[in-house]
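Subject: Structure handover and notes

Hello,

Here is the structure to go with your sequence. Please open it alongside the notes that come after it.

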Amino acid sequence: MSQINIASVLTALGIKEHNNGASTGLNWTATTGKIIESYSPADGKLIGKIATATADDYEATILKAQEAYKVWRMMPAPKRGEIVRQMGDAFRVNKDNLGKLVSYEMGKSLQEGLGEVQEIIDICDFAVGLSRQLYGLTMHSERPLHRMYEQWHPVGIVGVISAFNFPVAVWSWNSMLAWVCGDVCVWKPSSKTPLCAIACQNIIADVLRNNNVPEGVSCLLIGNPVGDLLNNDKRVPLISCTGSTRVGRIVGEAVAKRFGRALLELGGNNAIIFTPNADLNIAIVGTVFGAVGTAGQRCTTTRRLIIHESIYDVVKQKLVAAFGQLKIGNPLDQANHVGPLIDKDAVSGYLNAIEKVKAEGGTMVVESGVLTGEGYESGCYVKPAIVEAKNHYHMVQEETFAPILYLMKYTDLDDAIAQQNDVPQGLSSSIFTTNMREMELFLSQAGSDCGIANVNIGTSGAEIGGAFGGEKETGGGRESGSDAWKVYMRRQTNTINYSTTLPLAQGIKFDF
């Protein structure tokens with residue numbers, strides 16, 4: 001399938017008039033902010049127009065969220081989990097249409113669009129179980145007839161700022177966990193993919209209504225003023241921001257100034273190491289998908305390939321052959337491997353990166369270029385490129401959101417790990433080897449410095465059961481699985497004295 005009836009998809013998702021920019025969960029408010037337009041990078045056609053939210057819309061929404069929080073936090077966590085379970089079922093029903101919209105509005109392949117909706121379903125399932133496992137610890141007091149324990153309370157309003165490349169999944173990673181924890185959410189999606197966000201809000205609206213959830217538990221605000229307002233609002237104790245390092249630095253500084261919390265999941269500059277013991281049959285597949293999946297627009301995209309000098313020429317030859325078989329075109333056609341970049345600004349970034357790395361001494365292995373002609377009318381389709389480069393090149397040190405793979409050699413594993421770590425970012429990493437000692441070194445404290453380190457799989461494709469995020473300029477935040485839920489709550493240590501005296505800690509005496 002290479003075409004969809006976008007009008008019927010929008011209608012099925014409850015998007016009848018594309019002029020709404022603010023929602024507090026149960027109702028839409030007609031907004032009067034700047035009109036933005038959403039064009040599909042697949043064919044360049046206009047999908048819809050949206051009136052963005054104003055500062056007044058923001059203020060009204062925050063007040064609704066504050067009132068809703070007072071009710072929502074008192075609902076038992078398993079009951080909140082039951083509501084999230086129903087949301088998961090609603091996304092199951094709407095998976096096909098929402099997946100198509102994600103593919104059409106963002107430009108990723110249909111299978112990736114459907115996979116992103118599956119991530120929503122998966123995190124809903126995870127959150128349902130979590131709602132009965134918000135555990136605290138008990139501790140022994142040094143004072144007689146005293147009991148100590150800790151418990152976790154919701155923080156309040158959580159601001160979720162998400163990026164275009166995962167227009168629905170990242171919102172769900174944050175919101176589903178925040179909701180079972182007792183928080184309410186205000187979502188500011190990317191203005192490049194606003195219709196995906198509107199669709200998600202519509203999908204959960206009936207669930208909220210049927211469970212008598214107060215308006216304001218799930219809020220959606222679209223438009224540029226919203227991000228700054230969230231970042232500087234003391235009423236929003238936690239901001240979760242997924243985006244570039246540049247944007248994350250702005251968010252982190254603003255939130256820190258008001259002593260708020262920032263969960264930052266930012267850029268990646270991810271590398272794969274090929275050792276002489278790599279199984280090249282799987283290593284090549286993992287590398288190619290990691291480099292060109294979502295047209296190189298994942299934060300976990302494989303951007304650097306560090307190859308042992310003894311197998312370098314063989315690997316390069318295999319990669320050239322693999323890239324030569326890639327089919328580039330409409331992401332809704334499942335015969336294609338690579339879809340478009342999100343817009344023409346992204347194309348300019350791709351072209352600039354190629355020119356700059358060539359000026360630094362990089363050598364083209366697979367040529368770059370912008371595709372034109374029938375099927376490429378949007379101007380957003382580019383050729384995945386391979387460049388021989390050095391790790392210290394300025395452009396290799398930066399993250400370019402495009403399908404550019406840099407090749408470099410190494411002599412020994414310590415050298416490879418040093419190159420892997422010698423970038424500002426620290427999100428995802430991988431090694432392909434069948435040697436136990438090599439893999440264990442890579443995973444040790446002397447190995448990868450990334451938040452994600454894989455063996456014999458690529459750098460992309462994280463599962464929701466594990467905490468997702470990275471170190472250094474990736475921001476240090478963690479979303480999704482494991483104990484990432486704790487960031488959406490505040491820890492409280494409690495001491496109970498059930499004696500008839502008041503002994504003080506550390507044996508201090510205070511008599512009068």
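The notes below go through the sheet, the helices, the core and the aromatic pairs.

This is a predicted model, in which local features need pLDDT of at least 70 and side-chain atom pairs count only at pLDDT 80 or more, while totals for chains, interfaces and linings use all residues. Residues are numbered from 1 along each chain as its sequence is written, and side-chain values use heavy atoms, with hydrogens and water left out.

The sheet

Seven strands form an open sheet with mixed pairing, in the order β2-β1-β9-β8-β7-β10-β11. Helices (H or I, at least four residues) and strands (E, at least two) are DSSP runs, numbered from the N terminus, and two strands pair if DSSP finds at least two bridges between them. The edges are β2 (28-30) and β11 (261-265); each has a single partner strand, so one side of each has no neighbour in the sheet. On average, neighbouring strands are turned by 25° against each other, direction ignored. Angles are taken between axes, which are lines fitted to C-alpha atoms (for helices over the stretch in contact), and run from 0 to 180 degrees between N-to-C directions.

Going through some of the pairings, β1 and β2 are antiparallel over three bridges, with Asn20 opposite Ala30 in β2. Their hairpin has four residues between the strands, and Gly25 in it takes a positive phi near 105°. β1 also runs antiparallel to β9, joined to it by two bridges; Ser23 has Leu220 in β9 as its bridge partner. β7 (residues 157-161) and β10 (residues 238-242) pair in the parallel sense over four bridges, and Val160 has Ser240 in β10 as its bridge partner.

Helices on the sheet

Helix α7 (residues 194-210) lies across β1 (20-23), β2, β8 (184-188) and β9 (218-221), and runs at about 155° to β9. Helix α8 (residues 224-231) packs on the sheet too, where it touches β7, β8, β9 and β10 and makes about 140° with the direction of β8.

The loop between α7 and β9 holds Asn211 and Val217. Asn211 counts as buried at 14% relative accessibility, and Val217 does at 1%; buried means under 20% relative accessible area, exposed over 50% and partly exposed in between (1.4 Å probe, protein chains only). Leaving aside neighbours within four places in sequence, Asn211 is in contact (heavy atoms within 4.5 Å) with Lys79, Ile83 and Gln86. Val217 and Ala68 are 149 residues apart in sequence, with their C-alpha atoms 5.7 Å apart.

Helix α14

In helix α14 (residues 413-421), the buried residues are Leu413, Ala416, Ile417, Gln419, Gln420 and Asn421. Their cover includes β12 (270-274), β13 (302-308), β16 (404-410), β18 (428-432), α15 (436-443) and β21 (471-472). At the start of α14, a side-chain oxygen of Asp412 comes to within 3.1 Å of the backbone nitrogen of Asp414.

Core and aromatic pairs

The largest nonpolar core has 153 residues, of which Phe91, Leu98, Met176, Trp179 and Phe274 touch the most other members. Such a core is a set of buried Ala, Val, Leu, Ile, Met, Phe, Trp, Tyr and Cys residues joined through side-chain atoms within 4.5 Å. Beyond four places in sequence, the contacts of Trp179 include Trp72, Arg80, Val84, Met87 and Trp171.

There are nine aromatic pairs in the structure. Rings of Phe, Tyr and Trp (its six-membered ring) pair if their centres lie within 6.5 Å; planes under 30 degrees apart count as stacked, over 60 as edge-to-face and the rest as tilted. Trp152 and Trp485 are edge-to-face, at 5.4 Å centre to centre and 65° between the planes. Trp152 is in strand β6 (residues 146-154) and Trp485 in the loop between β22 (479-480) and β23 (489-497), so the pair ties together parts 333 residues apart in sequence. Both Trp152 and Trp485 are buried.

Phe274 and Phe432 have ring centres 5.8 Å apart and planes at 75°, so this pair is edge-to-face. Phe274 lies in β12 and Phe432 in β18, 158 residues apart. Phe274 is buried at a relative accessible area of 0%, and Phe432 is buried at 1%. Ring pairs also link Phe91, Trp171, Trp179 and Trp187 into a cluster.

Regards

Definitions and conventions. A polar contact is a pair of N or O atoms within 3.5 Å; within protein, one must be able to donate a hydrogen and the other to accept it, and residues adjacent in sequence count only if both atoms are side-chain atoms.
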